[in-house]
Amino acid sequence: MATDITNGERCLILAVETSCDETSVAVVENGTNILSNIVSSQIETHRRFGGVVPEIASRKHVETMTRIMEEAVREAGVELRDLTAVAVTQGPGLVGSLLVGIVAAKALAFALELPLIGVHHIAGHIYANALVQELRYPLVALVASGGHTELVHVESEGRFRLIGRTRDDAVGEAYDKVARAMGLPYPGGPYVDKLAQEADEEIELPRAWLEQESYDFSFSGIKSAVLAVVNQAKMKGDVVNKAGLALGFQNSAVDVLVTKALRAAKEFGAEQLLLCGGVAANKGLRAKLSEACDETGIPLAVPPLSLCTDNAAMIAAAAYLKWKRGEFTPLDMKAEPLFSLEEWSVMRA
Ligand code: KG4
Ligand code: ZN
C-alpha cells in the first residue's frame with residue numbers, strides 16, 4: 001500500500017498541460033473527480049501548415065493561458081485558496097510550449113504557497129484511465145498518439161517500465177503523413193480511419209514486426225509504401241484506390257499494435273490492458289483490440305475520447321500519485337523535452 005499523507009483531507013489539484021498544441025487547465029478532486037477540464041485546441045491555426053509549428057504553438061499558449069486558467073477555476077466552482085497543489089506537464093514535448101505551462105504553474109504555486117508537481121506526459125495519458133475506473137496491477141498500457149507509440153508495463157501504482165517504443169514515426173504521425181499524401185486535411189488520422197471503413201477492397205501492405213522478441217514499433221516503412229503507391233499511380237496517370245490504400249495501411253498498423261500489446265499483456269500477467277492517446281479514437285484499432293482481449297480474457301480499458309487526447313485532467317490524475325506520497329517538485333524545475341517515464345516513477349511503492 002502507498003504511504004498516504006492525505007489523512008482524509010480533500011485534495012484539489014489544479015493541473016496545466018501545454019506540451020504540444022492544446023492549452024489545457026483542469027481542477028480534479030481526490031485524483032478522480034473532474035471538476036473542470038478546459039481544453040483549447042490550436043488545430044485550426046496549424047492546419048494550414050499541415051502540422052504543428054512549434055513557435056506558433058508557444059505564442060498561442062501564452063495568449064490563452066490566463067483565460068483558460070481562470071475559466072478552469074470558475075467552472076470548478078472553487079476558490080484559489082481551496083487548492084491543494086499545482087501540477088504541470090514537465091515533458092516530453094515541445095520545449096517552448098512546455099515552458100509556457102511550467103512558468104504559469106510555478107507562478108501560481110509560488111503565489112499560493114502550494115506544492116508543485118511536475119508530471120510526465122505519458123504517465124498522464126496512462127492515468128487518464130484512473131479518471132473513469134479503478135486500475136488493477138500489474139497492467140500494460142499501449143500509448144498511441146501523434147507524438148508517441150509506446151508499450152508500458154506498470155507493475156504497481158506509479159511504477160513504469162518502458163518495454164517498447166517506436167524507432168521512427170509515431171503511429172499518429174504516420175497516419176497524418178499518409179493522409180497528407182492522399183490530399184486529406186490535417187490531422188489526417190480520423191480521415192484515413194473513415195476512408196478505411198468505406199473500402200470494399202484492401203491494398204495489402206507489409207507488416208513491420210522487427211525482431212521476434214521486440215516490443216518496438218516502426219511505421220515509417222508502411223508510410224513510405226503508401227507514398228510509393230500514390231506516386232506510382234500519379235506517374236502513370238491512374239486514379240488511386242484511396243479507400244483500399246487507407247484500409248491496407250490501417251490493417252498493417254493495427255495488426256502490429258494489437259499483436260504486440262497482447263503478447264506483452266500475456267508475458268507480464270496483466271490484469272488490464274489500457275489503450276490511451278489520440279489514436280485510441282481509431283475504430284479499427286478499438287475493434288481489433290477489444291476482439292483480441294475478449295478472446296484472451298484480458299480486460300481492456302479505453303478512456304472516453306475527450307480524455308484520450310491531450311488534456312490537463314489526465315495530468316492531475318497522474319500528479320495525484322505523487323501528491324499522495326508527498327513527492328513534490330522543486331520550484332526551479334526545468335522543462336524536460338526528452339523526459340524519461342521510468343525515472344518519473346513514484347519513489348515509495
Ligand atoms: O494524443 P493526441 O491528441 O496528441 C498527441 O499527443 O499527439 O493524438 C493526435 C493524433 C493525431 O496524429 C491524429 O491524426 C491521431 O491522433 N488520430 C487518429 C484518429 N483520431 C486521431 N489516428 C487514427 N484514427 C483516428 N480515428
Ligand atoms: Zn499526448
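Student: How far is a nitrogen atom of ligand 1 from an N or O atom in the side chain of Asn-282?
Tutor: That distance is 2.8 Å, where a polar contact is a pair of N or O atoms within 3.5 Å; within protein, one must be able to donate a hydrogen and the other to accept it, and residues adjacent in sequence count only if both atoms are side-chain atoms. This is a predicted model, in which local features need pLDDT of at least 70 and side-chain atom pairs count only at pLDDT 80 or more, while totals for chains, interfaces and linings use all residues. Residues are numbered from 1 along each chain as its sequence is written, chains are lettered from A and ligands numbered from 1 in the order in which they are written, and side-chain values use heavy atoms, with hydrogens and water left out.

Student: Which backbone atoms lie by an oxygen atom of ligand 1?
Tutor: A polar backbone atom of Gly-172 is 3.2 Å from an oxygen atom of the ligand, and a backbone N or O atom of Gly-189 is 3.1 Å from an oxygen atom of ligand 1.

Student: How much of the accessible area of ligand 1 does the protein cover?
Tutor: The protein covers 87% of the 560 Å² that ligand 1 has on its own (Shrake-Rupley method with a 1.4 Å probe; for residues, only the protein chains shown count as cover).

Student: What classes of residue make up the shell around ligand 1?
Tutor: The shell has five nonpolar, ten polar and three charged residues. Here Ala, Val, Leu, Ile, Met, Phe, Trp, Tyr, Cys and Pro count as nonpolar, Asp, Glu, Lys and Arg as charged, and the others, Gly among them, as polar.

Student: Changing topic, at what angle do helices α5 and α7 pack?
Tutor: Helix α5 (residues 171-181) and helix α7 (residues 220-236) pack at about 5°, with axes 10 Å apart. Helices are DSSP runs (H or I, at least four residues) and strands likewise (E, at least two), numbered from the N terminus. Axes are lines fitted to C-alpha atoms, for helices over the stretch in contact, and angles run from 0 to 180 degrees between N-to-C directions.

Student: Which residues meet there?
Tutor: Ala-174, Lys-177, Val-178 and Ala-181 in α5 meet Lys-223, Val-226, Leu-227 and Val-230 in α7, contact meaning heavy atoms within 4.5 Å. By class, six are nonpolar, none polar and two charged.
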